Each structure stands twice: as C-alpha cells, then as structure tokens.
Amino acid sequence: MALRTEDQVRNQAGISLGFIDGNGDNVETTEFLSGVGQLTTFIQLGNKLGTTDFAGISDKPDGWFLPYNPNGVAIVLETKSEKEDLSKKKWEKELVKNIEILQKHYSKVAGILYNGKDCRVFMNLDEVPSPSSTLQRLDYYTHLFLPDTIDKGRIYELTKKINNCLHKEFGVKNLNHRMIFTACALVAVKEGAILHKGTDYSLFHQTILNQLSKSLKEAKKQNEKLDLLCEVYSEIKMNTTNNQSAIDNFIDWVNEISDLINSDKWNGEDVMAIFFNEFNRYKGKSERGQVFTPDHITSFMYRLLNVTQSDVILDAACGSGAFLVKSMCNMVKEAGGINTKKATEIKAKQLYGIEFDREIYALACANMLIHKDGKTNLEQLDSRTEDASKWIRSISVKLEEEPQAKSITKVLMNPPFERAYGCMTIVKNVLDSVPVGTMCAFILPDKKLEKDLTDKKYGNKVLKEHTLTTIVKLPEKIFTGVTTSIFVFESGKPQNGKNIIGYYIEEDGLETVKNQGRQDIRNKWGAIEDYWIKAIYDGNDSKYNTRQIINPSEHLSYQMPEKPFEICEEDFLKTMMDYEMFKRGIDVKVFGDGLLKKIVYASDVVENENQSITVTLKGGTVDDK
C-alpha cells in the first residue's frame with residue numbers, strides 16, 4: 001500500500017480535526033476561523049481576525065483554528081507525509097516557529113505535528129503526551145488548557161490577594177468598588193480583552209472600559225440602564241496608579257480566575273459564588289445591608305420550588321445575581337447545554353431581576369455578563385414601589401414550543417432582612433404582583449412574619465391574600481448574627497386557616513476553613529440536599545423527625561422543641577435548703593458569706609498523702625476527696 005503524501009495527510013487531518021468540512025471547505029464562523037492548506041499566510045489570517053499582530057509574517061501554516069477571542073485557545077497544525085519521521089528536530093522546529101507566531105496574539109496555543117501515523121502535541125512550547133497516534137477532534141486540544149481539577153483553596157487565595165492588592169496597593173477603600181472593578185476586569189477578559197503585564201494603569205483601565213462598552217452595545221438597545229456598569233466602573237478611583245508590580249499581579253490573578261471560570265470541571269457559578277462570598281467576608285458592620293446567599297442554599301431553593309427549563313424566574317432583590325445565575329446554569333444544563341437553541345432562549349427571556357442599590361446592580365450586570373447573557377432583563381428599581389410592581393406585571397414572554405405567553409412562574413429571593421430596608425414591603429409587593437398560583441420562596445429571619453403579625457402591619461395582610469405553605473428552618477450558621485428560614489408562599493390564594501408544614505435542617509455539612517469561610521470540604525451537602533428535597537416532597541422526614549404542622553393563628557415560624565425538664569439531686573437539696581432557711585428567716589447571702597469566711601480564714605486546711613483535703617472546723621471535719 002502506497003504511503004500517503006503530505007497533501008493527503010493534511011486533508012485527512014483537516015476533516016478529523018474539524019478544520020474543514022466533508023467537501024474540503026474551510027470552516028469559518030462568527031466565533032472562529034479554521035482551515036488547511038499551504039496558500040494562506042499569517043498576514044491574511046491576521047487581516048480576517050482584525051489584528052496587526054501577524055503583520056509582515058508571510059509564513060503559511062498547514063492547518064489552523066483561530067478564535068476571534070484572543071483569550072481562547074488557538075491550534076496550529078504541521079503535517080508531513082507518512083514516510084517522514086516526526087522525531088526529527090527540524091520538523092519540531094517548524095511547528096515551534098508557528099506556535100511562537102500565534103503567541104503574538106494568543107496566550108494559549110496548541111501545536112500538532114502529524115504524519116498520518118504518528119502525532120506529537122504541544123501546549124505552547126511544551127510537548128505533552130498524546131493519547132494515541134490518532135488525531136482527536138479540535139475540542140480535545142482546546143480542553144488541554146482547562147484545569148483537570150479546581151483547587152478551591154487557590155480561588156480563595158487569589159481572591160484574597162486581589163482584594164488586598166486593590167485595598168492596600170491601589171487604595172480602593174470601598175469594598176463594593178473593589179468587587180466591581182475585579183468583576184469588570186473578568187468580564188473584559190471573558191469577552192476578549194487582552195490584559196498585558198507591563199501595561200501602564202491608564203491603558204489597562206481603558207482596555208477594560210472599551211471592552212465593556214463593546215460587549216454591552218447590542219444589549220443596551222434593549223436595556224439602557226446597562227450603561228450603569230460602565231458608569232460605576234468609570235467612577236472607581238485609585239489613590240495610586242504607579243505601582244507597576246501591583247498592576248502586573250492583578251492581571252495575572254484575574255487571568256487565572258478567568259481560566260477557572262471557563263473550566264468544564266465546575267459550573268461557572270460555583271467559582272463566582274466563591275469569588276463574591278470571599279470578598280464579602282471583609283464587610284464591616286455598616287456594609288451588611290446586602291447579604292449574599294451561599295451557593296448551596298441557592299441550589300436547594302431551586303430544587304425546593306421544582307424549577308425547570310420551562311420556568312420564568314424572578315428575583316426582585318437580586319444582589320449580585322446568585323439565584324439568577326444558579327437558575328440559568330441549571331436550566332441550561334437541563335436543556336442540553338450552552339450550545340442548544342433553548343439555552344439562548346433561557347438566557348434572553350426567562351431570567352428577571354431587580355436591584356435597588358446602584359453599585360450592586362452594576363455587580364449583577366457584570367456577573368450575568370460573565371455568564372454570557374441574561375443581563376438585559378435586570379432593572380434598577382426599588383422593589384417596594386408601584387413602579388417595580390408594574391414592571392413585574394408587564395413581564396410576558398412567548399417561548400418557542402409553548403402555545404401561550406408566560407409571565408413569572410417562580411420567585412427565588414433573599415430580600416434584605418432589616419425593616420429599614422423594607423423587607424416585608426418587598427415580600428408583599430412581589431406576592432401581589434406575580435400571577436395567582438405562583439410559587440415564591442423567600443429567605444427571612446425565623447420570626448420575621450410573627451413580629452409583623454404582632455404589630456398588624458404586614459403579617460395579617462400577607463396571609464389574607466396569599467398562602468404560606470412551607471417553612472424550612474435553615475442551619476443556624478448560614479448567616480452571621482441571625483437565624484433564618486425559607487418561607488414558601490403560593491400567591492393570590494388566602495391562607496384561610498390552612499396549616500403550614502415545617503422542617504428543620506439542623507446541619508448542612510459545611511465546615512469553617514481558616515480565612516476561607518464555610519466550605520463543603522467533605523462533600524456532604526449533595527446527599528443532605530437530596531434527602532431534604534425528597535423528605536419535603538414526600539412529607540416524610542423519617543430520619544430526623546422534624547416535620548411539624550403549624551397552625552397559622554398560633555405561629556408563623558418553625559417551633560423549636562423545648563428542652564425537657566430535668567432535676568438532679570443537687571438541685572433538690574438546694575431547693576430544700578433554701579426553703580428551710582426561708583422558714584427560719586435566714587438571709588441566704590449573709591449565711592453564705594459567713595460560711596465562706598469560716599472555711600477560708602478560721603480553719604486548718606491539711607493536704608494528706610492520699611490527695612484528699614481535710615478541713616477542720618469547730619464543729620468537726622469535712623473530707624473532700
């Protein structure tokens with residue numbers, strides 16, 4: 001059998017990799033350029049990509065995969081005929097030269113040397129083992145640059161370094177500003193900005209702003225308030241900007257976190273949850289109006305309401321967007337992944353959020369941008385107002401494969417707890433504004449409804465118009481300084497005396513890690529979540545026996561069982577002695593003081609060899625073993 005020529009090997013490799021289609025035509029999309037051949041120069045490829053990084057370079061690669069986003073992974077192919085030995089140094093040098101050319105524009109380049117029988121693979125300039133002599137699809141080579149595992153400790157470490165750098169080296173005192181600045185840098189990298197070490201602060205700052213503006217250009221046609229992200233970013237001021245070492249460190253750390261967000265090993269929202277929660281550990285008491293929901297609780301509430309890919313979700317106090325991002329990722333996963341048509345519909349039409357705080361609103365926009373969409377349905381409004389109510393009522397979306405338009409179908413929220421922030425006003429306004437029968441889950445302090453029931457302001461009104469179906473008391477360590485429960489309502493249907501079902505999740509399996517907050521280091525939460533979701537759906541908590549039937553006219557909170565009454569012999573004797581002294585008119589305090597003085601000052605204390613203590617009093621002795 002004749003050995004294949006280089007042209008034959010090149011064409012076969014192009015099809016196997018996915019660089020060309022079955023007809024031999026190059027594959028070019030809005031996301032990337034790919035192809036094979038010996039006629040196309042790097043100059044021509046650079047022109048198509050819109051970069052001058054390859055200007056003057058007339059070399060011609062055998063094959064290429066070049067994403068428009070320079071933060072993506074580029075692939076360059078070097079082919080030889082079957083008769084050539086790939087171990088020859090000269091062939092390796094040819095491939096390395098092309099890798100170095102692509103490195104002028106990309107930080108991650110995969111190089112493939114192939115002769116139809118054998119295959120050598122490089123990640124940048126380092127050769128890596130190839131799984132076989134057979135070529136893989138291009139996804140295999142792009143995924144080489146994704147971490148095999150994600151080290152949570154590393155993410156905490158990077159976030160802490162970023163926070164300290166912005167605080168101490170740049171002098172950014174405002175915590176929200178430090179978070180927003182970092183989030184905007186992550187968005188810029190995700191969207192294609194290249195942050196180079198050695199860049200001065202002015203150019204570094206402008207590169208991020210330019211990418212933000214570019215990424216928001218189309219979305220702003222639908223939601224002009226997205227301009228707030230660029231405005232807030234522009235308002236962040238540094239006390240000092242001439243520390244090049246600090247700038248370079250920040251760029252390194254942001255690029256590393258960006259890679260972790262793109263990892264297949266975790267959903268992006270998990271990384272972002274760690275990122276935001278880590279920053280919020282540094283909040284002072286005056287900054288705690290905003291409470292960010294832990295990732296495992298957003299997951300639990302998503303399942304508690306049985307959210308599916310068909311739902312339209314509202315969070316009217318969305319903070320950084322934790323519930324919306326969790327819903328997005330789970331719904332997209334159910335739909336079959338990010339490349340499905342349904343995923344696009346979910347991001348564009350099925351996630352709605354309101355945030356009043358201007359800076360936190362900007363943070364939510366950044367978080368949704370990092371996850372590629374969902375940002376256009378965020379509104380900066382006061383959720384206590386009629387304007388917010390009108391906006392919620394106006395939501396009506398026509399989904400493909402569904403005959404009728406939909407409004408909000410599920411509500412997931414963690415409103416601000418304090419009355420000063422209008423906690424119950426927000427809850428009632430949301431319940432009043434969504435369609436009848438909408439299931440709504442709110443995290444609130446345990447006794448919040450009972451306090452408002454007592455002063456007749458909100459508790460009675462809420463129950464007159466809406467049904468509280470379930471209370472799930474959360475572990476007491478979830479939020480510092482306050483114990484909380486999840487309150488599940490069905491909107492538009494009066495309580496009318498219907499009982500409430502309560503449960504108590506005493507432990508979540510998370511443990512406190514020094515300087516890293518509470519983490520599921522022993523991977524316990526998954527099984528705990530599964531148990532409680534099933535127990536609540538089935539109405540059978542056989543393992544912990546916490547299920548309660550709560551009469552709403554008596555309580556609007558989970559009732560912790562009273563500790564059983566116990567009495568020991570010492571208690572009995574003390575009570576008897578107190579009663580005897582009361583009958584005789586003896587002052588207990590005076591008697592006790594006098595007895596103490598007698599023992600301490602008017603007695604002989606001797607420690608014997610058996611380590612017992614003998615106290616000699618005028619009336620006899622007392623041995624204390």
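How many of the 625 residues of the chain count as buried, as a percentage? The figure is 51%, where buried means under 20% relative accessible area, exposed means over 50% and partly exposed lies in between (1.4 Å probe, protein chains only).

## About the model

This is a predicted model, in which local features need pLDDT of at least 70 and side-chain atom pairs count only at pLDDT 80 or more, while totals for chains, interfaces and linings use all residues. Residues are numbered from 1 along each chain as its sequence is written, and side-chain values use heavy atoms, with hydrogens and water left out.

## The chain as a whole

Let's start with the overall picture. The secondary structure comes to 21 helices and 21 strands; these are DSSP runs numbered from the N terminus, with helices (H or I) of at least four residues and strands (E) of at least two. Among the contacts with a separation of 6 or more, 69% are between residues 24 or more positions apart, a contact being heavy atoms within 4.5 Å.

The chain exposes about 30,900 Å², and carbon and sulfur atoms supply 50% of that area. Accessible areas come from the Shrake-Rupley method with a 1.4 Å probe, and for residues only the protein chains shown count as cover.

## Two nonpolar cores

Now to the inside. A nonpolar core is a set of buried Ala, Val, Leu, Ile, Met, Phe, Trp, Tyr and Cys residues joined through side-chain atoms within 4.5 Å. The largest one has 96 residues, and within it Phe300 and Ile486 touch the most other members. Helix H6 (residues 175–191) gives the most to this core, with eleven residues. A second, separate core of 38 residues includes Val427, Leu431, Val462 and Ile471.

Leaving aside residues up to four places away in sequence, Phe300 touches Val472, Ile486, Ile505, Trp525, Glu529, Trp532, Ile533 and Ile536. One of these, Glu529, returns below as a salt-bridge partner of Arg303.

## Helix H2 and its cover

Which residues of helix H2 (residues 42–49) are buried? They are Phe42, Leu45, Gly46 and Leu49. These four sit on the same side of H2 because they cover an arc of only 100 degrees around the axis, the arc being that of the directions from the helix axis to the C-beta atoms.

The cover over the buried residues of H2 includes strand S2 (32–36), strand S3 (63–67) and helix H3 (89–102). Gly50 follows H2 and has a positive phi, near 80 degrees.

## Salt bridges

Side chains of opposite charge can pair when their charged atoms come close. Here a salt bridge is a side-chain nitrogen of Lys or Arg within 4 Å of a carboxyl oxygen of Asp or Glu, and the count comes to 36. One of them joins Arg10 and Asp7 at 2.7 Å, N to O. Both residues lie in helix H1 (residues 6–17), three residues apart, or about one turn of the helix. Arg10 is buried at 5% relative accessibility, whereas Asp7 is partly exposed at 42%. A network of salt bridges links Glu6, Asp7, Arg10 and Asp62.

Other pairs reach across the sequence. Glu231 and Arg358 meet at 3.4 Å, N to O, and this pair links distant parts of the chain, with Glu231 in helix H8 (residues 227–235) and Arg358 in helix H14 (residues 358–370), 127 residues apart. Both are partly exposed, Glu231 at 38% and Arg358 at 29%. Arg303 pairs with Glu529, their closest N and O atoms being 2.8 Å apart. Arg303 is partly exposed at 29%, while Glu529 is buried at 6%.

## A buried loop residue

Is Leu381 buried or exposed? Leu381 counts as buried, with 16% relative accessibility, and its place is in the loop between strand S10 (378–379) and helix H15 (386–394). Not counting residues up to four places away in sequence, Leu381 touches Lys225, Ile354, Glu355, Phe356, Asp387, Ala388 and Trp391.
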